[in-house]
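Please read the following report alongside the sequence and the coordinates.

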Amino acid sequence: TVLSMEEDKVQVRAWNRFADQLYALQKKVIAAHQISTTEESGRYGGEFAKRFTFREVTYRDAESDRLLGVLRRAGDKPENLEIIGVYIYDKTGRVVRDYAAIYLPWGRNAPIRTFINLHQYRGDLHGYRQFDASDNLLYEECRGKLNGAEVDISLENYQIRQPIVSTDAYRRCFDGLPQTAGEYLTPH
């Protein structure tokens, strides 16, 4: 028996559209700031991937040093984007959304992973909920203090269920965060 996988054309279109919109957003965010950059060149690890090289640029706001974005390109084909990351902040300087699209160096059909992280802050708690560009809930995380006690919640999608979701810490961390990526499926 030979196993085969069929291409999910709907996901390919959606995730490529997301990556294109994310790249456009990154250019817009960077253009709106005085920036500083750092560059790194490298080679992927592992036997199969070691022949692939990359060049990565990290963009920061020159005044605040806040991370604005990351862009990794193929070392031998700079037109091939491999990682696109964008960070959006509120007026107080806290990240409220961050996005990423990641391509395999040898797989240009569509990103292999996409992330939409929606953040919220309540008192000393910082929680975020993570989705992919198909609006699947992937992960939730919350850290900080609640009533003087440390909170450290880290849940993969299959772990988000009773009894954890009925705890006070969980509700304080995640109530108010969107249940879907919704409007953020279009990065902005």
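## The disulfide

The link of C142 and C173 is left-handed, with -70° about the S-S bond. C142 lies in strand β8 (residues 137-146) and C173 in helix α2 (residues 168-174), so that the pair, 31 residues apart, links distant parts of the chain; helices (H or I, at least four residues) and strands (E, at least two) are DSSP runs, numbered from the N terminus. The two sulfur atoms are 2.1 Å apart, where a disulfide is defined as a pair of cysteine sulfur atoms within 2.5 Å, and by this rule the count comes to one disulfide.

Both ends can be described by their accessibility, for which buried means under 20% relative accessible area, exposed over 50%, and partly exposed in between (1.4 Å probe, protein chains only). C142 is buried because its relative accessible area is 0%, and C173 counts as buried because its value is 2%.

## Basis of the description

The model is predicted, and local features therefore need pLDDT of at least 70, while side-chain atom pairs count only at pLDDT 80 or more and totals for chains, interfaces and linings use all residues. Residues are numbered from 1 along each chain as its sequence is written, and side-chain values use heavy atoms, with hydrogens and water left out.

Nine strands make up an open sheet in the order β1-β2-β3-β4-β5-β6-β7-β8-β9, with antiparallel pairing; two strands pair if DSSP finds at least two bridges between them. The edges are held by β1 (35-43) and β9 (149-156), each of which has a single partner strand, so one side of each is left without a neighbour in the sheet. On average, neighbouring strands of this sheet are turned by 10° against each other, direction ignored; axes here are lines fitted to C-alpha atoms, for helices over the stretch in contact, and angles run from 0 to 180 degrees between N-to-C directions.

Within the sheet, strand β6 (residues 113-122) pairs with strand β7 (residues 125-131) in the antiparallel sense over seven bridges. Helix α1 lies across β1, β2 (53-61), β3 (67-74), β4 (81-89), β5 (95-102) and β6, and runs at about 55° to β4.

## Nonpolar cores and I116

In soluble globular proteins, nonpolar side chains tend to be buried together. A nonpolar core is here a set of buried Ala, Val, Leu, Ile, Met, Phe, Trp, Tyr and Cys residues joined through side-chain atoms within 4.5 Å. The largest such core has 35 residues, of which Y99 and I116 touch the most other members, and helix α1 (residues 9-31) gives the most to this core, with eight residues. Apart from it lies another core, of five residues, among them A100, Y128, L138 and Y139.

I116 has F131 in β7 as its bridge partner. Not counting residues up to four places away in sequence, I116 touches a set of residues including F18, Y99, F131, D132, Y184 and L185, contact meaning heavy atoms within 4.5 Å. D132 is placed in the loop between β7 and β8 and counts as buried because its relative accessibility is 7%. Leaving aside neighbours within four places in sequence, D132 is in contact with W15, T114, I116, L138 and L185.

## Aromatic pairs

A search of the whole structure finds seven aromatic pairs; rings of Phe, Tyr and Trp (its six-membered ring) pair if their centres lie within 6.5 Å, and planes under 30 degrees apart count as stacked, over 60 as edge-to-face and the rest as tilted. The rings of F48 and F52 have centres 6.4 Å apart and planes at 45°, so this pair is tilted. F48 and W106 form an edge-to-face pair, at 4.9 Å centre to centre and with 90° between the planes.

F48, F52 and W106 form one aromatic cluster, in which F48 is partly exposed at 48% relative accessibility, W106 is partly exposed at 40%, and F52 is buried at 15%.

## Backbone geometry

Most residues other than glycine have a negative phi, and most peptide bonds are trans. D65, in the loop between β2 and β3, has a positive phi of about 70° although it is not a glycine. D135, in the loop between β7 and β8, likewise has a positive phi, near 70°. A cis peptide bond, with omega of about 5°, joins Q162 and P163, and P163 is placed in the loop between β9 and α2.
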